[in-house]
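Student: Could we go through the aromatic contacts of this model together?

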Amino acid sequence: MSQKRFSKSFTQQEPLPDDAIEKAVTVMQSGRLHRYNTSGDDWSEASLLEKEFADYQGRKYCLACTSGGYAIHVALRATGVSPGDAVLMNAYTLAPVPGAVYQSGARPVLVEIDEHYHVDIGDLLAKARESGAKYFLMSHMRGHIADMDAVKRACDDVGLILIEDCAHTMGASWNGTLSGNFGRVACFSTQTYKHINSGEGGLLVTDDPEVAARAILYSGSYMLFERHGARPPKETFESLRLNIPNFSGRMDDLRAAILRPQLRQLDANCARWNALYHEMERCLREIPGIEVPERHQREDFIGSSIQFRVGEITEEQISGFLGKCEADGVALKWFGEDEPRGYTSRFDSWHYLGDLPDLPRTRAILSNTFDMRLPLTFTPEDCRVICEIIGENLIAAKQRN
Ligand SMILES: *Cc1c(COP(=O)(O)O)cnc(C)c1O
């Protein structure tokens, strides 16, 4: 144990802003919680959120739905993924991503990552050729944005449709372009641990009218799609409306109402996350044996969590290190653990995918990768205390064999 103890919770979010709470109360008092239960010509909160998020992203169309994972499933279907199709995806991601591919009936083809947690483009190209895949579902996992110029080039070279999972990159950009504006369609999550918080929720954006119309129909719009806030022209729906099943996954107006004020605070909050990240990064780098991945100059990421690796450490020492940190109030996650815990999950835990080829590079990188959330309830001083605890416990753990 270290001399210090940290007593704040790594899962404690800030309260919602007052205007979000007021708006929620208004919606509840109205009794009109369903997005199509509007009175007269009123726009629903969900439709307004769609308009505002489409504007924020600079995309034409947006669909608000029940979760990020749902948005990914619908994005796959809407871009034409059919049962049996191969879908490439980086192997370092969160469990809802392979789940969404599985739900679409497609066959995930896992791609290696590199030591910066980015997709390994050489392996992407090799696996695209090998599998004949036409789709690449790319997670900017834990906010790490790969060189998107290189990714786009690779996709163009082998004819891959790019679908972005931006669960950790809402508000982040590569070389001045917002994440989510590189692929044909992009998916965001508004689940509590992401950048705007409605408990659960998802947003899908695209400039492709057919993809947007299909996504809206899949989400369960009945024949009320004209009431959507950022939708393609009515004609686009004509040939599709009787051919797309209703996968009921609409966002309700209560959640949309609390998200709209948060969207207005998003950029300011991103700056606050980055202040925490940079302080944590600076202190972690002072600890011998800890490596925090370098970020590319063109990557304008949001540091809502931080990842680091520890060199030359045995599994036993890792267990000791994690135990000591936990006793001192520092909740670290270890992506190398065989047994998934909390949100950590390695590709070989997804048994329902059947036998998959091993990914030695990804496994090696994750074997000593640690992860920490940085909620906005933390201060830069908290980051320094956390680092001290990590540093002392790492040294102590490494002295034992
Ligand atoms: C959270 C997350 C999702 C899915 O979000 P839900 O809204 O929880 O379904 C997808 N991808 C990544 C990388 C995530 O972290």
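The conversation below concerns aromatic rings and their neighbours.

Student: How many aromatic pairs does the structure hold?
Tutor: The structure, which is a predicted model, holds 15 aromatic pairs.

Student: Are Phe53 and Tyr56 stacked or edge-to-face?
Tutor: The pair is stacked, because the ring planes of Phe53 and Tyr56 are at 15 degrees, and planes under 30 degrees apart count as stacked. The ring centres of Phe53 and Tyr56 are 6.1 Å apart.

Student: Where do Phe53 and Tyr56 lie?
Tutor: Both belong to helix α2 (residues 45–57), where they are 3 residues apart, about one turn of the helix. Phe53 has 0% relative accessibility, so Phe53 counts as buried.

Student: What about Phe225 and Phe237?
Tutor: Their ring centres are 4.2 Å apart and their planes are at 10 degrees, so this pair is stacked. Phe225 is in the loop between α7 (209–218) and α8 (234–238), whereas Phe237 is in helix α8, so the pair ties together parts that are 12 residues apart in sequence.

Student: Is Phe225 buried or exposed? And Phe237?
Tutor: Phe225 counts as buried, at 6% relative accessibility. Phe237 is buried as well, with a relative accessible area of 0%.

Student: Which residues do ring pairs link into a cluster?
Tutor: The cluster consists of Tyr92, Tyr117, Phe335 and Tyr343.

Student: Changing topic, which residue lies over the face of Trp43?
Tutor: That residue is Lys51, at 3.7 Å from the ring centre of Trp43.

Student: And what sits over the ring of Phe301?
Tutor: The charged end of Arg295 does, 3.7 Å from the centre of the Phe301 ring.

Conventions. Residues are numbered from 1 along each chain as its sequence is written. This is a predicted model: local features need pLDDT of at least 70, side-chain atom pairs count only at pLDDT 80 or more; totals for chains, interfaces and linings use all residues. Side-chain values use heavy atoms; hydrogens and water are left out. Rings of Phe, Tyr and Trp (its six-membered ring) pair if their centres lie within 6.5 Å; planes under 30 degrees apart count as stacked, over 60 as edge-to-face and the rest as tilted. Helices (H or I, at least four residues) and strands (E, at least two) are DSSP runs, numbered from the N terminus. Buried means under 20% relative accessible area, exposed over 50%, partly exposed in between (1.4 Å probe, protein chains only). A charge sits over a ring if NZ of Lys or CZ of Arg is within 6 Å of the ring centre and within 35 degrees of the ring normal.
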